[in-house]
Amino acid sequence: MSPLIEIKGLTKKYRIGREVITALDDVSIEIENGEFVCLLGPSGSGKTTFLHLVAGLDKPTRGDVYVKGLCINKIREKDMALFRRRYMAFVFQSYNLVPTLSALENVSMPLMFDGIAKSRRDKRAKELLTQIGLGRRLKNKPSEMSGGQQQRVSIARALINDPKILYADEPTGNLDSKTTREIMDILVERVREKGVTLVMVTHNANLIEQADRVIYMLDGRIQRIVDQRNHSVQEFFQEETGEKDAYHLNHSVVEGAAG
């Protein structure tokens, strides 16, 4: 079978004054349907640029991104917006909830664009919020919820259209360790039970244990890919760095010592 996502020679350059900055440099990789891929690397390594290009939120300087065989960087933005709505969803570190809307309204909002009746929208949103433990928070606005609760609302909103691909950019960056584990469990459960493809960006090596593959990025390039179905990335970096303690291992990875 063809890969769900196929990336060929992806390059992104920015001009700042007279200087040209290469944020992503000739990256090629394939991602399979139902796979959990984690992009790991220090700040400025190119992982968020990669995510935005693969999700069609930005255009590459060179190279192509194919999703379900369609070259998404060569279609009109109007068509890309429809494609994203049908096949993709996003979870960001900053939640991006509408502050004047309740949890129920925030989650059901994407269904409005498909012309779905309010009763059906609300029913689906209530089901999702209940599944992730917010059944008693349906009427709460973002300011009336904790960070973890807001991120749960963000995840429910992302899942309302049953996306084939879920892109997550530092989804637990603002959360404590307990809430982080809970959010990761929700995301991974969706991958395993519903066959959703999850592409997640993080700089935290402690979040990669459940990923199928871990892509370590540095200076806009893929440095290493570890298939955890065959070899644990924790074991890999321990061999490379000699670190066995989780804190120091995370520090070594983030600082690029293994690269």
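What follows is a tour of a predicted model, one selection at a time.

**Before you start**

Since the model is predicted, local features need pLDDT of at least 70 and side-chain atom pairs count only at pLDDT 80 or more, while totals for chains, interfaces and linings use all residues. Residue numbers run from 1 along each chain as its sequence is written, and side-chain values use heavy atoms, with hydrogens and water left out.

**Stop 1: the whole chain**

Show the protein chain as a cartoon.

Areas here come from the Shrake-Rupley method with a 1.4 Å probe, and for residues only the protein chains shown count as cover. Of the chain's 259 residues, 51% count as buried. Buried means under 20% relative accessible area, exposed means over 50%, and partly exposed is in between (1.4 Å probe, protein chains only).

How do contacts span the sequence? Among those between residues at least 6 apart, 66% join residues at least 24 apart. A contact here means heavy atoms within 4.5 Å.

**Stop 2: a patch on the surface**

Select Tyr14, Ile16 and Ile21. They form a nonpolar patch on the surface, with about 260 Å² of accessible area together. Patches are made of residues with over 30% relative accessible area and no salt bridge; like charges are joined within 9 Å, and nonpolar side chains (Val, Leu, Ile, Met, Phe, Trp, Tyr) within 5 Å. Ile21 is in strand β2, which covers residues 19–31, and is partly exposed at a relative accessible area of 30%.

**Stop 3: the largest pocket**

Rolling a probe the size of a water molecule over the atoms shows where empty space is left. The largest pocket here holds about 440 Å³ of space. Select Met88, Ala89, Phe90, Pro110 and Arg157: of the 16 residues that line the pocket, these are the closest to its centre. Colour α2 (77–87), β6 (88–92), α3 (103–112) and α5 (147–159) to see the elements that give two or more residues to the lining. Which element gives the most to the lining? That would be β6, with 4 residues.

For the record, a pocket is an open set of points on a 1 Å grid over the protein atoms alone, where a 1.4 Å probe fits, with protein on both sides within 12 Å along at least five of seven lines; lining residues have an atom within 4 Å of a point. Points are joined across faces, edges and corners, and the volume is the space filled by probe spheres set on them.

Stay with Ala89 for a moment. This residue of strand β6 is buried, at a relative accessible area of 6%. Ala89 touches Ala158, Pro163, Ile165, Leu166 and Tyr167, leaving aside residues up to four places away in sequence. Try the distance tool on the C-alpha atoms of Ala89 and Leu198: they are 109 residues apart along the chain, yet separated by 9.8 Å.

**Stop 4: charged pairs**

Side chains of opposite charge can pair when their charged atoms come close. The structure holds 14 salt bridges, each a side-chain nitrogen of Lys or Arg within 4 Å of a carboxyl oxygen of Asp or Glu.

- Select Glu77 and Arg84. Their closest N and O atoms are 2.6 Å apart; Glu77 is partly exposed at 44%, whereas Arg84 is buried at 13%.
- Select Arg124 and Asp162, which meet at 3.0 Å, N to O. Arg124 lies in helix α4 (residues 118–131) and Asp162 in the loop between α5 and β7 (165–169), so the pair ties together parts 38 residues apart in sequence.
- Select Asp212 and Arg192, which meet at 3.1 Å, N to O. Asp212 lies in the loop between β8 (197–202) and β9 (213–218) and Arg192 in helix α6, so this bridge ties together parts 20 residues apart in sequence.

**Last stop: a network**

Arg190 is in helix α6 (residues 177–194) and counts as buried at 11% relative accessibility. Among the residues that Arg190 touches are Leu128, Gln131 and Leu159.
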